[in-house]
Amino acid sequence: MKHILSVALAAGIAISTAAETVPYKSDIGDLSSYDVDAAWVNINKGNRRSNGFTFDRPDMTNFTTPATKGGMVHNFDTEYEANCWLISPGIDLTAGTEYTVTFWTKTDGADNEAFKLCSGNEQTVDAMTNVLIDKPSYSHADDFEQQSVSFTPETDGAYFFGINCYSDIYTYNFHVTGFAVKVAGAEDPDPEPVDPPKEALPLPFEYTFADAAAFIDDWTSRHGDDAYSNNPWSLNAYSGWAEFDKAYGEKENNWLISPELVFDEAGTYMLTTVGMVNGKLEYLLGTDVNDFGSFTAFAELEAAEFDNDIQHDFPFTVAEAGKYRVAIRACAESGSYMGYRIKRVKVKANKPVPAMITDLKAEASALDELSVTLKWTNPDTDQAGQPLDAVTKVELYRNGALVKEFTDCAVGAAMEYTDAPAEAGVYTYHVLAYNANGAHDAVPAEVSAGYVGHPVVELPFSFNATANAGIAPMFTFGDADNDGVTWYFDTSWEYSKVFRIKAELIADLDDYLVTPYMKLEPGYYSFTHDIAARFNNFEAGYVTDRHNPAATFVKLHSEENIQEYGTQDKRYLLVVDEPMEIALAIHACGSSSSAAYLDLSVSEFGLEAAPLVPAAVNGLEVAEADGAKACVISWTNPTVDNAGLTLDAAMPLILTVKRDGEAIATLQGDGYLPGRECSYTDAAIEGLSQAVYTVEIANANGPSEDVAPEAALYFGDTVDMPYACSQFADWSLVNTGVSYYEWERDDVDGTLVWSKYYGEGEDFALSPFFTFTEGDEYTVRATLCNENTDEMTVKFVSATVAREGYDTAVETFAIPALTIDMEYTATIKAAAAETLADDAAEPQADKTVTPGKRALGFGAVTTGLLRITGFSIDKKETDGTISTVVATAGALRYAAGKVSADREMAFTVADATGRVLLTATGTEIDLTAFRGLLLVAATDAAGHTATLKINL
């Protein structure tokens, strides 16, 4: 009789309300919950982050010896020593009676573990004061070993038993299972209900490996005495396969045995497996899971496969009807690292049945009526390719449901049937042929008729292939060239579905992707779609007959040999003059120009009413106001809308002037009608030196869909010529990439340096702004270094403002690898048009910059390490002389008769004969008292010297 307990336990520990009786037995680990037995408590008394006991999976640990279905394990811990407990429920014991307490343990590897068995009068750690077993240095890795101890209580009552693992840090795994208490000398207890014998399963038997508990219950794993590993076949429930790969480089003899199967009659049968074999497997038929001798091999396979989905078929013969089991035995003499994966097992009778029908065609009505014409050919061979005597019937299935049975169906006969679904929708079909032995049990091929009926969607239409995958079957694929290659709905990626077509390098595509129909009233509509089609071609438009797209296609847009990477968004305006029903269409055409890009994909479509809004303004310009600190922005209003139609001349426009992205004025009224020339003066530029202006336009229907034009202007001070520098303190660095690939000033010598070792250069170093006069010519000199081991290509540029996107190439030139101090010289002319010259060997006057305020500079086109150590610019005088500036170190400037430096220097002025005319120390000297050719030298405190040659 069970005693009732009422023991209040420590916080967080369940209260046991009833004691167990002897004999008592528990696996400790509970397979049904993948946790500790509900009557036990699992307590981790170590550091709260250390490992405690966890469920020991029977598909990872072999519990054959203790004959249990699971246990508990303390796993390898790299940071903390163990101090964890498993404490039994109370067990009623009688004073003076000798009991035997047993449980099973094992270790992994060569490490020593430490454990105790204790008893107490409560289900708490503090109550575990009576030590029954203590093994501080325990190792037994071969298999489970039974621990046993005698225990004689002094008083009647409920006793609790605790198993304590107290292994050191870095020790491997300690396993425990099969705890039992019995009267000494009595038979081993087995109070758990014995599982009733399972009924043998009928054929065909097909098993997919997904449920861990079912796998352990259904299949038996055994190992032979000569097997290196006694670990069982295990289940990878996530991937859905049974696997064995635990004998790398060692002998295998590890069995996976099926449930019992019923073979109704003697004859031939077929075993089919799907998975991976990286070693050697033997396939056997037998009766007793505990007797390997009851099994007979009927096939073997030695392979080195790396595909998890390879199918193998093994025919075998059963001599007499009965109940049998199929076994798969890993038997390589030297196991592989990859081992074996079994995803599917099937056992079936191998009688001749009709081969699968493979030519089924399903064509929906071209008039969009609710009818589908089905055509196929009855098989004339069985599944083994042998002649077929008869076809007794053919079954036709629509969307998986039987809709028609044909009994007048000769071997090899052509069949045709018109199906009439009750309502519009997407329908798929398959057919099965039978003879007296039944039908082929392979999965029949499903053939789609597409959308049967008239597919119509409402406006606005917004389709995304991933979010609206249910609408995808309403689309139509038009194989205009009948080559069997056309669009399809690609669902291989669950979170990124697309319509796709596979192009070829030499064959032209001629295939249409057509949306459902849409009913349109007269007006204007915005047609949008995305497309990824690099190195391919497409046309976008609409059709009026989805079954005949080539004849009814109206093209709105086309692109050839697309260069853009990735998916691009497209938009077109559709003008509808009268009511019509259309379907949007993408026409894949031509061939790919690259073997690396052989497909096109589309995932989004849209169509919605589009308001008529104005086109962008024309001729946007910006200039400094005469005699005032202000900028004048001028432009011409558009005369057409986004449909290309003439705007109502009396419809007011709304214009927003923005400076550097911020609105500074809103203009509207009669002065801003279509076609008008307009201007706005920005007088609030005090403190600014440059700006980028945009003029955005709208009408009562909304803003323009065109990109607003931009105009940039530098209106700050300029630097006089001649100009020279070598420390670049007044230069602007226009960096557009990541911070560690950009122009920088060298902290030591003040030069400019840029480095990048992949991609293309997008950054520029720009001089101060100069004023260039129409028709004048200028000489630019620079000293450049290429510190890379490859040749570099460099751009010499002019810039409207010192910002990204406002530089214009004057010339590109090359710098040989590992070149130090290459002298670059260019002659440029201030002219209205800019040209790009390719040859920089000699100065060329046809290199131009736009007159006005402009900066000059350099940017690398290719990767490497570029350094600028000197720069100068001189204006050619009308008498043909050139004021030449040579800067080797430091920085000197000449303007209005004075030479200046950016720091204190010792100046020496001499004439052409070398006679010293003047010496002085400071930052500026006045030369207005001198005439002729002068030589100026200046040295700073660090010894850097700069020289000027000036012709006054």
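Which strand does Ala 583 lie in? Ala 583 belongs to strand 43, which covers residues 580-590. Before going further, please keep in mind that this is a predicted model. Here is a friendly tour, from the whole chain down to single residues.

**Overall build**
- The protein chain contains two helices and 71 strands.
- Its radius of gyration is 44 Å, whereas a compact globule of 952 residues would have a value near 30 Å.
- Along the principal axes, the C-alpha atoms of the protein chain fill a box of roughly 130 × 80 × 55 Å.
- Taking contacts in the protein chain with a separation of 6 or more, 71% are made by residues 24 or more positions apart.

**Surface and burial**
- Of the 952 residues in the protein chain, 48% count as buried.
- The protein chain exposes about 44,500 Å², and carbon and sulfur atoms supply 48% of that area.

**Around Ala 583**
- Is Ala 583 buried or exposed? Ala 583 counts as buried because its relative accessibility is 0%, and the cut-off for buried is under 20%.
- If neighbours within four places in sequence are set aside, the contacts of Ala 583 are Val 514, Thr 515, Pro 516, Tyr 517, Gly 541, Tyr 542 and Val 543.
- Ala 583 and Phe 475 are 108 residues apart in sequence, and their C-alpha atoms are 9.3 Å apart in space.

**Charges in the chain**
- The protein chain carries 61 positive and 144 negative side chains.
- The centres of these two sets of charges lie 3 Å apart.
- Side chains of opposite charge can pair when their charged atoms come close.
- How many salt bridges does the structure hold? The structure holds 34 salt bridges.
- One network of salt bridges links Glu 206, Arg 344, Lys 346, Lys 348 and Asp 441.

**Lys 502 with Asp 599**
- Lys 502 and Asp 599 form a salt bridge, with 3.7 Å between the closest N and O atoms.
- Lys 502 sits in strand 37 (residues 498-502) and Asp 599 in strand 44 (residues 599-602), so this pair ties together parts that are 97 residues apart in sequence.
- Lys 502 is partly exposed, at a relative accessible area of 43%, and Asp 599 is also partly exposed, at 23% relative accessibility.

**Glu 705 with Arg 571**
- In the salt bridge between Glu 705 and Arg 571, the closest N and O atoms are 2.4 Å apart.
- This pair links distant parts of the chain, 134 residues apart: Glu 705 is in the loop between strand 52 (702-703) and strand 53 (710-714), while Arg 571 is in strand 42 (residues 568-576).
- Glu 705 counts as partly exposed at 37% relative accessibility, and Arg 571 counts as partly exposed at 37% too.

**Lys 853 with Glu 624**
- Lys 853 and Glu 624 meet through their side chains in a salt bridge, with an N to O distance of 2.9 Å.
- Lys 853 is partly exposed, with a relative accessible area of 23%, and Glu 624 counts as partly exposed at 35% relative accessibility.

Terms used
Residues numbered from 1 in each chain as written. Predicted model: local features only at pLDDT ≥ 70, side-chain atom pairs only at ≥ 80, totals over all residues. Heavy atoms only, no water. Helix = DSSP H or I, 4+ residues; strand = E, 2+ residues; numbered from the N terminus. Rg over C-alpha atoms; globule rule 2.2 N^0.38 Å. Buried < 20%, exposed > 50% of the residue type's maximum accessible area, 1.4 Å probe, protein only. Contact = heavy atoms within 4.5 Å. Areas by Shrake-Rupley, 256 points an atom, 1.4 Å probe, with all protein chains shown as cover. Lys, Arg positive; Asp, Glu negative; His and termini not counted. Charge placed at Lys NZ, Arg CZ, Asp CG, Glu CD. Salt bridge = Lys/Arg side-chain N within 4 Å of Asp/Glu carboxyl O.
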